[in-house]
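Let's take a walk through a protein together. Keep the sequence and the picture side by side as you read.

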Amino acid sequence: MLETLKALAEPNRFQIVELLRDGPRPVGDMVTRLHLRQPQVSKHLQVLSAAGLVDVRVDAQRRIYALRPEPLQELEVWLERYRRLWEGNFQRLDALLDELKAAETKPKKRARTKR
(Lines give C-alpha, C1' and ligand atoms only; values in the text may rest on other atoms or scores of the structure.)
Protein backbone atom coordinates (compact mmCIF):
# COMPACT_ATOMS: atom_id res chain seq x y z
CA MET A 1 0.00 0.00 0.00
CA LEU A 2 2.89 2.36 0.69
CA GLU A 3 4.04 1.98 -2.93
CA THR A 4 0.53 2.92 -4.08
CA LEU A 5 0.56 6.08 -1.98
CA LYS A 6 4.05 7.03 -3.15
CA ALA A 7 3.07 6.56 -6.78
CA LEU A 8 -0.13 8.59 -6.41
CA ALA A 9 1.64 11.42 -4.56
CA GLU A 10 3.08 12.80 -7.80
CA PRO A 11 0.44 15.00 -9.51
CA ASN A 12 1.06 13.76 -13.08
CA ARG A 13 0.79 10.14 -12.02
CA PHE A 14 -2.38 10.93 -10.12
CA GLN A 15 -3.79 12.52 -13.30
CA ILE A 16 -2.86 9.42 -15.31
CA VAL A 17 -4.78 7.25 -12.83
CA GLU A 18 -7.74 9.63 -13.14
CA LEU A 19 -7.65 9.28 -16.93
CA LEU A 20 -7.47 5.49 -16.70
CA ARG A 21 -10.47 5.44 -14.39
CA ASP A 22 -12.63 5.86 -17.50
CA GLY A 23 -11.05 2.83 -19.14
CA PRO A 24 -7.87 1.66 -20.89
CA ARG A 25 -5.98 4.23 -22.95
CA PRO A 26 -3.01 4.26 -25.28
CA VAL A 27 0.05 6.26 -24.26
CA GLY A 28 -0.49 8.72 -27.15
CA ASP A 29 -3.92 9.64 -25.83
CA MET A 30 -2.50 10.36 -22.38
CA VAL A 31 0.28 12.47 -23.91
CA THR A 32 -2.32 14.60 -25.66
CA ARG A 33 -4.62 14.95 -22.68
CA LEU A 34 -1.90 15.69 -20.13
CA HIS A 35 0.10 18.05 -22.38
CA LEU A 36 3.29 16.20 -21.51
CA ARG A 37 5.95 14.71 -23.75
CA GLN A 38 5.79 10.99 -24.49
CA PRO A 39 8.97 10.11 -22.56
CA GLN A 40 7.58 11.83 -19.45
CA VAL A 41 4.30 9.93 -19.64
CA SER A 42 6.16 6.67 -20.23
CA LYS A 43 8.34 7.21 -17.14
CA HIS A 44 5.26 7.94 -15.01
CA LEU A 45 3.60 4.80 -16.38
CA GLN A 46 6.68 2.76 -15.45
CA VAL A 47 6.38 3.96 -11.84
CA LEU A 48 2.66 3.20 -11.79
CA SER A 49 3.35 -0.24 -13.26
CA ALA A 50 6.08 -0.97 -10.69
CA ALA A 51 3.60 -0.02 -7.93
CA GLY A 52 1.11 -2.47 -9.44
CA LEU A 53 -1.42 0.22 -10.30
CA VAL A 54 -1.51 -0.36 -14.07
CA ASP A 55 -1.26 -3.20 -16.57
CA VAL A 56 -0.09 -2.81 -20.14
CA ARG A 57 -0.92 -4.72 -23.28
CA VAL A 58 0.64 -4.31 -26.69
CA ASP A 59 -1.62 -3.70 -29.68
CA ALA A 60 0.56 -3.55 -32.81
CA GLN A 61 2.70 -0.40 -32.26
CA ARG A 62 0.61 0.93 -29.36
CA ARG A 63 0.80 0.25 -25.67
CA ILE A 64 -2.58 0.27 -23.96
CA TYR A 65 -2.64 0.90 -20.21
CA ALA A 66 -5.43 -0.03 -17.80
CA LEU A 67 -5.92 0.34 -14.07
CA ARG A 68 -5.51 -2.62 -11.76
CA PRO A 69 -8.20 -2.44 -9.06
CA GLU A 70 -6.41 -4.48 -6.36
CA PRO A 71 -4.04 -1.76 -5.03
CA LEU A 72 -6.89 0.74 -4.95
CA GLN A 73 -9.08 -1.75 -3.07
CA GLU A 74 -6.30 -2.17 -0.48
CA LEU A 75 -6.19 1.59 -0.12
CA GLU A 76 -9.96 1.71 0.32
CA VAL A 77 -9.81 -0.88 3.13
CA TRP A 78 -7.13 1.17 4.88
CA LEU A 79 -9.11 4.40 4.49
CA GLU A 80 -12.27 2.77 5.84
CA ARG A 81 -10.73 2.60 9.31
CA TYR A 82 -10.25 6.36 9.27
CA ARG A 83 -13.69 6.94 7.79
CA ARG A 84 -15.24 5.19 10.82
CA LEU A 85 -13.17 7.36 13.14
CA TRP A 86 -14.36 10.54 11.44
CA GLU A 87 -17.97 9.36 11.37
CA GLY A 88 -17.85 9.00 15.16
CA ASN A 89 -16.44 12.52 15.43
CA PHE A 90 -19.13 13.91 13.14
CA GLN A 91 -21.87 12.17 15.12
CA ARG A 92 -20.61 13.76 18.34
CA LEU A 93 -20.42 17.14 16.61
CA ASP A 94 -24.00 16.74 15.32
CA ALA A 95 -25.19 15.96 18.85
CA LEU A 96 -23.41 19.02 20.23
CA LEU A 97 -24.88 21.25 17.51
CA ASP A 98 -28.36 19.89 18.25
CA GLU A 99 -27.86 20.75 21.93
CA LEU A 100 -26.73 24.28 21.07
CA LYS A 101 -29.70 24.81 18.75
CA ALA A 102 -32.08 23.57 21.44
CA ALA A 103 -30.52 25.94 23.98
CA GLU A 104 -30.95 28.88 21.57
CA THR A 105 -34.63 28.19 20.96
CA LYS A 106 -35.57 28.01 24.66
CA PRO A 107 -37.12 31.25 25.89
CA LYS A 108 -34.68 33.19 28.03
CA LYS A 109 -35.73 34.17 31.52
CA ARG A 110 -35.71 37.87 32.17
CA ALA A 111 -34.07 39.14 35.26
CA ARG A 112 -36.47 40.80 37.66
CA THR A 113 -35.88 44.42 38.34
CA LYS A 114 -36.62 46.04 41.69
CA ARG A 115 -38.99 48.98 41.77
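**A walk along the helices**

Start with W78, which you'll find in helix α5. Helices here are DSSP runs of H or I with at least four residues, strands are E runs of at least two, and both are numbered from the N terminus. Before going further, note that this is a predicted model, where local features need pLDDT of at least 70 and side-chain atom pairs count only at pLDDT 80 or more, while totals for chains, interfaces and linings use all residues. Residues are numbered from 1 along each chain as its sequence is written, and side-chain values use heavy atoms, with hydrogens and water left out.

Back to W78: its relative accessible area is 25%, so it is partly exposed. (Buried means under 20% relative accessible area, exposed means over 50%, and partly exposed is in between, using a 1.4 Å probe and protein chains only.) Along the sequence, W78 and M1 are 77 residues apart, yet their C-alpha atoms are 8.7 Å apart in space. Now look at Y82, also a residue of α5, the helix that covers residues 69-105. Y82 has a relative accessible area of 40%, so it is partly exposed too. Y82 and P39 are 43 residues apart in sequence and 37 Å apart in space, C-alpha to C-alpha.

Next, hop over to helix α1, where T4 sits. Is T4 buried or exposed? With 3% relative accessibility, it counts as buried. Leaving aside residues up to four places away in sequence, T4 touches A51, L53, P71 and L75; contact here means heavy atoms within 4.5 Å.

How do α1 and α2 pack? Their axes are 5 Å apart and the angle is about 100 degrees. Axes are lines fitted to C-alpha atoms, for helices over the stretch in contact, and angles run from 0 to 180 degrees between N-to-C directions. That makes α1 and α2 roughly perpendicular to each other. (Under 35 degrees counts as roughly parallel, over 145 as roughly antiparallel, 65 to 115 as roughly perpendicular, and the rest as oblique.) On the α1 side the contact uses K6, A7, L8 and A9, and on the α2 side P11, R13, F14 and V17.

Helix α2 (residues 11-20) has another partner, α3 (residues 27-34): their axes come within 11 Å and cross at roughly 120 degrees. The two helices are therefore oblique to each other. Where they meet, Q15, I16, L19 and L20 come from α2, while M30, R33 and L34 come from α3.

Which residues of α2 are buried? They are R13, I16, V17, L19 and L20. Looking down the axis of α2, you'd see these buried residues within an arc of 160 degrees, so they line one face of the helix. (The arc is that of the directions from the helix axis to the C-beta atoms.) Here's a handy bit of background: an α-helix has 3.6 residues a turn, so residues three or four places apart point the same way. The cover over the buried residues of α2 includes α1, α3, α4 and the strands β1, β2 and β3.

Helix α3 has its own buried set: V27, M30, V31 and L34. Down the axis of α3, they fall within an arc of 105 degrees, so they line one face of the helix. Their cover includes α2, β1, α4 and β3. Finally, just after α3, spot H35, which takes a positive phi of about 60 degrees.
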